[in-house]
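Please read what follows with the sequence and the model side by side.

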Amino acid sequence: MASNDGAMIPKVSRFSAPPTKAGRDQERLGWVLILPTILVVLGIAIYPLLESIRLSFTNYRSSRPDRWEYIGFENYRKLLSDDVFHTAFKNTMVFTVSSVFFETVLGMIVALTIHSAFKGRGFVRTSMLVPWAIPTVVSSLLWSWMLNDSYGIVNKSLIAMGFDNFRQFSWVGNPNTALFSIVAVDVWKTTPFMALLLLAGLQVIPDDVYEASRVDGASKMQQFWQITLPLLRPALMVALVFRTMAAFRVFDIIFVMNSYNTSTMSVSVYAHRELMNNQRLGYGSAISVVIFICIAIMVVGYTRMIKVED
Amino acid sequence: MSSEVLMPNAVNKLVQDAMNGRASRRDIIKRGSALGLSGALMGNILRVSGVGAQDAQEAGWSLVKPEWLDVDLTGVELSAVLASDGVGAPFDQACCDFFAEQTGATVNYIKGAESATDRLTYYTQTLNAQASDFDIFSVDVIWPGILKVHAHDLSEAADELAGEGANFFERILSNNRIEDTLVSIPMYTDAGCLYTRTDLLEKYGVEAPTTWAELEVAAQTIAEGEVAEGNDAFVGFTFQGAAYEGLTCNALEWVYSNGGGTFIEPDGTVTVNSDAAKAAVERAVGWVGGIAPAAVTSYKEEDSRGVWQAGNAAFHRNWPYVYGISQADDSDLKDKFSMGLLPKGDGENADNAATLGGWNMMVSKYSENIEAATVFAKFMCSFEVQKARAIERSLNPTIVEVYQDADVLAANPYQAELFPIFDGGSVARPSGVTADLYNDVSSAVFTTVNELLSGQQTDVSGALDNLASQLESIMEDL
């Protein structure tokens with residue numbers, strides 16, 4: 001709250017400095033101390049964001065540094081009728097919803113399992129993190145080879161089990177299975193992260209709540225639905241915010257496994273194609289701004305939901 | 001590197017040979033890279049053994065000073081972006097050192113990014129800022145249009161080289177010329193080739209195909225035979241069908257060889273939906289899941305070569321680099337295959353087609369030493385260096401005369417077979433007429449063709465009509 005209001009209404013806000021010289025000095029010092037942070041945030045977050053928004057209203061191409069103009073909402077109008085963008089947007093939504101859903105459900109199961117006491121728990125907790133620890137580009141390549149139609153271990157195993165129609169079956173090349181395959185790889189990779197966040201949430205739930213419910217004769221299922229899940233909600237919400245944002249911006253796994261194929265192209269891959277491959281900084285920035293707006297809406301939605309909890 | 005630990009004996013032997021003078025500089029680098037030694041360690045071996053101090057030429061690099069290179073550039077500092085940190089780096093480093101030795105200039109070798117896209121991004125960012133971080137840089141064959149605004153015109157330099165008896169292939173040179181500016185000089189080239197398993201042609205009594213229709217029949221016959229003999233993984237033909245630049249190269253060959261033009265003609269007319277082009281794409285769509293594996297729609301060069309290299313393909317379309325790997329001593333394919341022109345279509349103007357690739361030298365117009373930079377570019381593309389590059393690195397020269405050189409032919413006999421491809425069969429992607437919009441055009445092409453190959457779209461004619469209108473609207477932006 002601004003200190004003027006504090007002077008008019010005799011209610012001392014926690015944040016307003018006392019109207020003494022020492023107090024004003026202290027406030028000034030506070031500003032000086034926070035200034036570097038503000039400058040850094042302005043420089044590395046706000047400026048690039050504003051620059052992207054500005055570029056999205058131009059037809060700038062990096063091959064034509066001196067031949068560009070402001071074209072208003074033209075790029076956004078084009079996006080509306082751009083089939084590739086529609087496909088990419090649809091793919092991104094499918095990817096986000098399905099990967100986050102499976103990661104949450106599986107992550108919850110894993111978290112509950114490793115939360116309970118059993119022999120070798122420390123080893124399991126550590127080894128569980130291996131997929132998350134491998135760089136995405138590496139694990140994507142790894143899976144590309146495992147899913148390869150002729151020498152991949154996935155097809156070889158399926159054929160060995162008697163599923164003969166997987167001979168030379170192309171997981172990533174076939175548009176019907178391509179996106180599903182990539183979601184599966186992402187779930188493999190990111191479930192540990194989800195489990196870790198949920199485990200942290202589980203560990204702060206006090207044991208006496210469970211003891212009390214046991215005394216009252218609650219079943220395990222009742223305990224999960226009535227105690228664990230409600231008390232886990234803040235941690236779950238944070239995990240969902242992180243995962244949804246990251247999933248919506250997905251780039252590396254798709255680009256490595258299937259380059260610019262439209263069957264799996266996400267909006268970030270499309271933005272990369274336009275920005276880097278085609279050098280259309282204006283149009284590419286418009287795509288980036290749309291991605292930013294979508295994520296902003298999601299974050300606002302999630303934080304609202306978290307606030308409602310409070 | 002793990003191999004330093006894994007193969008101590010081989011490394012010891014290499015060091016001993018170097019110390020006793022039994023290994024030349026080139027041997028050390030060759031054997032060292034085969035062992036996976038780091039550049040720093042190889043440098044140490046060279047320094048300790050004293051081999052590094054020898055003149056590069058004596059030690060094995062076949063670099064020779066061009067006669068015209070008689071300039072004193074003492075005090076001039078040049079920066080050149082050349083090969084990435086990999087197999088090409090030692091040769092380019094030797095070129096820089098040799099040039100510096102002969103002229104007195106200082107040459108900083110900047111290693112380019114391995115990925116072409118990253119490299120183009122670096123170039124455009126630096127050049128757009130009009131920065132003189134580098135004076136000379138190597139560019140992909142499709143970039144002259146994109147980078148033209150930053151180019152120093154090299155027409156004169158190419159004429160001077162021609163005056164010295166080094167004539168560039170006209171088809172390759174004209175690809176580097178935008179309007180009247182020679183944006184870059186061709187350094188080495190590449191073209192799409194057909195690899196054929198000659199042992200299997202013989203086994204099944206099939207003639208080497210010269211048309212796509214013949215290739216289909218031959219591939220079908222051989223694949224059926226091999227599968228019947230128990231090799232389930234055998235396919236007739238592999239190529240590059242993923243949605244990336246390589247598919248544009250493949251599609252250009254199908255269409256051009258069928259008399260369907262080059263998507264966009266030099267005068268700007270869009271021809272991608274001509275009848276001959278539609279027929280060519282329709283034919284290729286029929287290969288997927290037939291003579292070619294269904295997964296070809298996600299294959300890039302190395303994926304498709306994997307099938308070929310394993311001995312599981314009768315025919316294979318790829319660049320010339322596959323020859324050396326397939327003919328290596330440890331290759332199962334050694335002496336069982338041939339490399340040649342891709343088939344023709346059966347349309348009215350059917351012709352051989354091999355999409356041109358390769359790299360060229362460009363001089364930045366923001367360079368503070370344009371003249372010295374031009375001399376360096378000329379040097380890198382000269383007869384002498386191209387000859388050395390052909391021998392040392394098996395890269396294909398852009399100068400007609402190098403193909404008649406006995407040393408080159410002795411080192412790489414197959415380059416004689418490539419000559420007709422570069423001389424008459426090569427076709428350039430429409431990167432000149434589309435200038436800086438080439439990548440827009442190419443990504444529209446590979447997106448549509450990939451969708452057709454993978455069955456996301458099924459109406460070839462309609463899809464190509466739609467593609468034609470996309471290309472027309474891109475060209476309106478020129």
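Helices, in the sense used here, are DSSP runs of H or I with at least four residues, numbered from the N terminus. With that convention, helix H7 of chain B is followed by B:Gln130, whose phi is positive, near 55°. The model is a predicted one, and the values discussed below are computed from it.

Chain B as a whole gives the setting for this helix. Its secondary structure comes to 23 helices and 12 strands, and of the 478 residues in chain B, 53% are buried. Among the contacts in chain B with a separation of 6 or more, 74% are between residues 24 or more positions apart.

Within this chain, H7(B) runs over residues 116-128, and its 13 residues reach 18 Å from the first C-alpha to the last, close to the 18 Å expected at 1.5 Å a residue. Which residues of H7(B) are buried? They are B:Leu120, B:Tyr123, B:Thr124 and B:Leu127. Because these residues cover an arc of only 95° around the axis, they lie on the same side of H7(B). The cover over the buried residues of H7(B) includes strand S3 (136-140) and helix H8 (144-147), both of chain B.

The contact between the two chains brings H7(B) back into view. Here 28 residues of chain B are in contact with 26 residues of chain A. On the side of chain B that touches chain A, the elements giving two or more residues are H7 and helix H22 (438-453) of chain B. Of these, H22(B) provides the largest share of that side, with 6 residues. Sorted by class, the side of chain B that touches chain A has 10 nonpolar, 14 polar and 4 charged residues.

How confident is the prediction here, or what is the mean pLDDT of chain A? The mean pLDDT of chain A is 89, and 93% of its residues reach 70 or more. Over residues 1-9 of chain A, however, the pLDDT is below 50, and this stretch has 10 contacts in the model beyond near neighbours in sequence.

Technical notes
Residues are numbered from 1 along each chain as its sequence is written. Chains are lettered from A and ligands numbered from 1 in the order in which they are written. This is a predicted model: local features need pLDDT of at least 70, side-chain atom pairs count only at pLDDT 80 or more; totals for chains, interfaces and linings use all residues. The expected span of a helix is 1.5 Å times one less than its number of residues. A residue is buried if 20 or more other C-beta atoms lie within 10 Å of its own, exposed if 12 or fewer, and partly exposed in between; C-beta atoms are placed from the backbone. The arc is that of the directions from the helix axis to the C-beta atoms. Two residues are in contact if their C-beta atoms, placed from the backbone, lie within 7 Å. Ala, Val, Leu, Ile, Met, Phe, Trp, Tyr, Cys and Pro count as nonpolar, Asp, Glu, Lys and Arg as charged, and the others, Gly among them, as polar. pLDDT is the predictor's confidence in each residue, from 0 to 100.
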